[in-house]
Amino acid sequence: MKKITIIGGGNLGSAIANGLIESGLPPEQLTITRRSISALEKFKNIGVHITNNNKEAVAKSEIILLCVKPHKTEIILNEIVSKINNQIIISTVTGINIETLQSFFPKNKNIFRAMPNTAVAIKESMTCISTNSTDNLAINYVKKMFKNLGEVIMIEDSLMASATVLAASGIAFALRYTRAAMQGGIEIGFSSEIAQKISAQTMKGAASLVLMEGNHPESEIDKVTTPQGITITGLNKMEHEGLSSAIVQGILASQKKIKNL
Ligand SMILES: NC(=O)c1ccc[n+]([C@@H]2O[C@H](COP(=O)([O-])OP(=O)(O)OC[C@H]3O[C@@H](n4cnc5c(N)ncnc54)[C@H](OP(=O)(O)O)[C@@H]3O)[C@@H](O)[C@H]2O)c1
């Protein structure tokens, strides 16, 4: 099993670390870095190496996962460049494309971008991956690594911003629907805890019907909309209030924002 370093053990880096360990990576194969290493105590306690020395961590690893904020990326890449040979480099950083990453490491042939979402922590991520690597062994290794953390799709690098919106921001969009359903649920009689359970499990069930049966959402909707019935009455009211339009416009607004970063 290859040694992995996660540079930037924040929200995403920690979620990936949890997912990797849960999927069987021995903790001693993993190093996590950040400046305030006291925040990584829980990983240290289970045998993960923790350090604030990025260069040292990179030199000892075969896979490097970059999980830092975009504005920190250039400084960190310059810091580690002397320790990079042909390790597999996977960047999760929003807005920095393969071409730019490659310019830091011109000789490296294994540069990847991965756009997971925070469901990596429970191995339910939707991760989009892009690369210019032609090394099938490396490509399959990276795919398998993220397949252990959920679902994986290979996409063109030019679609990475769209993947960020639909999959990474998408977690927040889906959760806001869940919260709204809870608010409605409370108004029609449920306690907050029970409304949460019903709304979240219903969302999970609806998603599973689409994923497992491969059906278009509208064909599943047809199954629950009786003519002049309760569901179509509620659904049409939601549409009159702009449900689908609000979601599409929100996605387009996020896309516009990310393109202008
Ligand atoms: N969160 C998501 O759902 C998600 C999804 C897909 C992609 N992304 C991308 O993933 C990246 C990280 O996002 P995040 O939400 O995890 O941010 P975050 O929680 O702020 O984590 C970034 C981490 O980087 C560490 N860091 C800063 N400077 C460092 C340095 N010089 N060396 C090592 N570590 C350093 C920070 O810790 P210290 O301050 O202690 O150093 C912090 O814990 C971003 O580029 C984001 O766009 C996020």
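The conversation below moves from the overall chain to the ligand, the domains and some individual residues.

Reader: What should I know about the model before we start?
Author: It is a predicted model, in which local features need pLDDT of at least 70 and side-chain atom pairs count only at pLDDT 80 or more, while totals for chains, interfaces and linings use all residues. Residues are numbered from 1 along each chain as its sequence is written.

Reader: How many helices and strands are in the chain?
Author: The chain has 11 helices and 8 strands. These are DSSP runs numbered from the N terminus, with helices (H or I) of at least four residues and strands (E) of at least two. The C-alpha trace spans about 70 × 40 × 30 Å along its principal axes.

Reader: Turning to the ligand, how many residues surround it, and which are the closest?
Author: The ligand is surrounded by 26 residues, the closest being Gly8, Gly10, Leu12, Arg35 and Thr94.

Reader: How is the chain divided into domains?
Author: Domain 1 covers 4-155 and domain 2 covers 163-259, with bounds from an automatic or database domain assignment. Their centres, taken over C-alpha atoms, are separated by 32 Å. The contact between them takes 9 residues from domain 1 and 7 residues from domain 2, where contact means C-beta atoms, placed from the backbone, within 7 Å.

Reader: Now His49: why does it count as buried?
Author: His49 counts as buried because it has 20 C-beta neighbours inside 10 Å. The cut-offs, using C-beta atoms placed from the backbone, are 20 or more others within 10 Å for buried, 12 or fewer for exposed, and partly exposed in between.

Reader: Where is His49 found, and what does it touch?
Author: His49 is in strand 3 (residues 49-51). Not counting residues up to four places away in sequence, His49 touches Leu30 and Thr31.

Methods: Near = placed C-beta within 6 Å. Contact = placed C-beta atoms within 7 Å.
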